[in-house]
Each structure stands twice: as C-alpha cells, then as structure tokens.
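Please walk me through this structure.

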Amino acid sequence: MLRLIQFTALILVILLNSCYDRKKYDITSYIYDIPLDSITSELWFPELMAINARSMIGIKSKLCLIGPDEHMLTYYIDETTGKELGYAGIVGEGPEDMQPFPIYAGKSINGDTIYLYDFNVKKINAYQLNETNDGKPKLKMVFSKRLPNPLVGKYSSSYMGICKTANGYYVGLNFLSVSDKFLTLLDNDLNIIKEFGEQPLEGLPSKGSIKSFRSFDGTLCVFENSIYYAASKMAYMARYDITEKGQVIHKWTQRYTDVKYKIENKQNIKFRSDNLKGFSDMIVGKKYIFATYSGIPMAKMFKERSVNAIGARTLVVFNHEGEPLGRFKLRSCSFCVGLSDDEEYIYVMNIDPEVQIERMKVSDIEDKIKNKI
C-alpha cells in the first residue's frame, strides 16, 4: 500500500513538472471595457478571386492582395471603381519568382514598391508596381536578398514574419532561437545585428536551449520606423521603435485579456481550451491601429469541428499607444484587414460562408469613437 502511495505521488510530481499553469499577467487595457458597437459597411467585393490572400495593402490607388493563390504573387482591385485589375507576379523557380503565399514585409516610402518575404527560400524580393499598355498591373523586380545566416544551432531557421523600416532596417519574428528574445534586428543586407523583445509568455527553456516560438505566431507590421506585433493566440500587442543608429526602443506592451496556458514537457506552450483567441490580422495607419479580433474560447473550434468557429468577428481600433478606442461587429468570420491607399476606407476579408470584402469608412469609425469620448 505504501509503495502504491509513493508511486502515485511520483506520477503526480512528474505530471506537475511536465504540464503546469503559468502565472497570470496583469491586464493593461481590458479590451471588453470598450462596448461592442456597429458600423455602417458595404459588401464591396462579393466574389473574390483571391481566396488564399493573407494580407491586403493599399498601393497606388489599388487594393493589393498578397498570395491570392498557389500560382500568383499578387492580385489587384481598383479602389475607385471596384474593378478587377488582375494578377501580377509568378510563383516559380525563376530569379524573379517566389514560392507560393509570400509574406508581406512592407512598402517603400513613396508607395510604389512592395517587399515580399519567402519563408522557405529565406529571401526578400522587392517589386515595383507598374502597368502594362492595357492598364493591367505588372511587377518589376527591384532587388532580391537572401538571409546570409539562417542557422539556429544546427537547424536551418526562418522568420514567421518580417518587416522593413523606413530607415533601412529589417525586423524578423523568430521561429527558432537560442536566446530568450523573440524578435531579430537585421541590417539592410539582412545580416543579424541583435535579438530583442521580451517573450509574451514565460516558461520556455532559458538561454542556450534551442526553442520554438511557434506559439507566438502573429502579425508583424511597420509604420515608418515603428514595429507593431499582435499575437494570434492571445490578446497581446507590443511596439518597438528602431532609431537611425539601430537602437531598439521598447515603447509599450499591452495585454488585453487573461492568457490561459500551460508548459508541456518544459518545451512547449499549450493554450488551454478556455483561452481566448487573439488577433487574426492588423494594419497600422497614420492615426490608428486596426485589428481583426476573435476573443472566442479555443474550445469552440473543437466542439464545432471548424477553425472558422474561433475566427475574428470584431474590428478593434487602437491609437498608436495600443489603447483600445472602439470595438465594432463584423458581418461574418473574417481574417485579413486592409487600409486604402488614401486611408479613407478599411477593408475586411470575410471568409465564411463566402470569401468577400467588406468596406467601412474610417470617418464613420472616427465619429463613433468621438461620440464615446
């Protein structure tokens, strides 16, 4: 009997050490303090031919959708007329081509060039947007750069997201790391300068152990020389500014709800079924941060056997300090959020039951926010 008790106690100790709850973090701005409101919107594009797009960018009075399908790099819609302009850029093995579904990494200061990142090939291509004689979009490659040293320990690694700042630096969202930092600053030639950024959650192996930051997957955006990060599996945002001399300034970190998670086998973060899903996408404009937010317990995905069950159904608007200003109900489960080139409209891609684009006026959103104040 004594041996049975000792054996049971041993099993309990092992379980506690291999899978245990972490501390609760202080909420800096509770997202549900902002009442859920409605906003006038229009179904701007009902039958979208870019169902796999993961980013929407306003460029040269066109809405550019990144990674529309497995064959093309970009797809364009005229923002004034709503007319389909077509595809540009080819998926392939040529010097100007990329692998399917590249990651958006920013656009040039003058707004005529986009930067796309290839996770698998580990390169960034810059494309200038032009037009053919018949008005169709055309991409001209400006440069292509590869990561010179993608190894982490003995493993080849990459970045889950990457952005180019106005002053020529790049910031990558680490996939693997031996440090406790989850972001990397790179120079204009993609050489590593240093890693930075406090991990959103504690509990992963300490410095010196190779660890995966897959649980911190999210959206990385740039506005001028500021880098904004929004987590996909929790309501967490952070901002870092990069100076001309490559100094990193941590401006703020915001936690909007409790995060429910465990550490399994001292190696992996596992989110609990009652954890609230975070941000599916984010875009930063001159005055505001716009993000599509879920806030739905992850358990609902398993109950309904559908990823869309926990898809974002609200649009949250923040100031550049990460303080929530407004929360608006969307028509359906949504993923991408985009901002028009003139910042007059917000676009949201609906994915259930159809892939469509919903459009709202930024001025209408501002009026709602002002009325709350």
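**A buried loop residue, then the rings**

Val355 has a relative accessible area of 19%, and because the cut-off for buried is under 20%, Val355 counts as buried. The model is a predicted one. Val355 belongs to the loop between β30 (345-352) and β31 (356-361). What does Val355 contact, leaving aside its neighbours within four places in sequence? The partners are Pro46, Glu47, Leu48, Ile51, Met349 and Asn350. Now follow the chain to Asp367, 12 residues apart from Val355. The C-alpha atoms of these two residues are separated by 28 Å.

Next come the aromatic rings. A pair of rings is described by the distance of the centres and the angle of the planes. Ring centres must lie within 6.5 Å to pair. The count by this rule is 18 aromatic pairs. Take Trp44 and Phe45: their ring centres are 6.1 Å apart and their planes stand at 50°, so this pair is tilted. Trp44 and Phe45 are both buried. Tyr288 and Phe290 form another kind of pair, edge-to-face, with 5.9 Å centre to centre and 65° between the planes. Both of these residues, Tyr288 and Phe290, are buried.

Rings also gather in a group. One aromatic cluster is formed by Tyr30, Tyr32, Tyr256, Phe279, Tyr293 and Phe318.

Charges meet rings as well. Which ring does the charged end of Lys145 sit over? It is the ring of Phe143, with the charged end 4.6 Å from the ring centre. Arg359 lies over the face of Tyr345, and the distance to the ring centre is 3.8 Å.

Conventions:
Residues are numbered from 1 along each chain as its sequence is written. This is a predicted model: local features need pLDDT of at least 70, side-chain atom pairs count only at pLDDT 80 or more; totals for chains, interfaces and linings use all residues. Side-chain values use heavy atoms; hydrogens and water are left out. Rings of Phe, Tyr and Trp (its six-membered ring) pair if their centres lie within 6.5 Å; planes under 30 degrees apart count as stacked, over 60 as edge-to-face and the rest as tilted. Buried means under 20% relative accessible area, exposed over 50%, partly exposed in between (1.4 Å probe, protein chains only). A charge sits over a ring if NZ of Lys or CZ of Arg is within 6 Å of the ring centre and within 35 degrees of the ring normal. Helices (H or I, at least four residues) and strands (E, at least two) are DSSP runs, numbered from the N terminus. Contact means heavy atoms within 4.5 Å.
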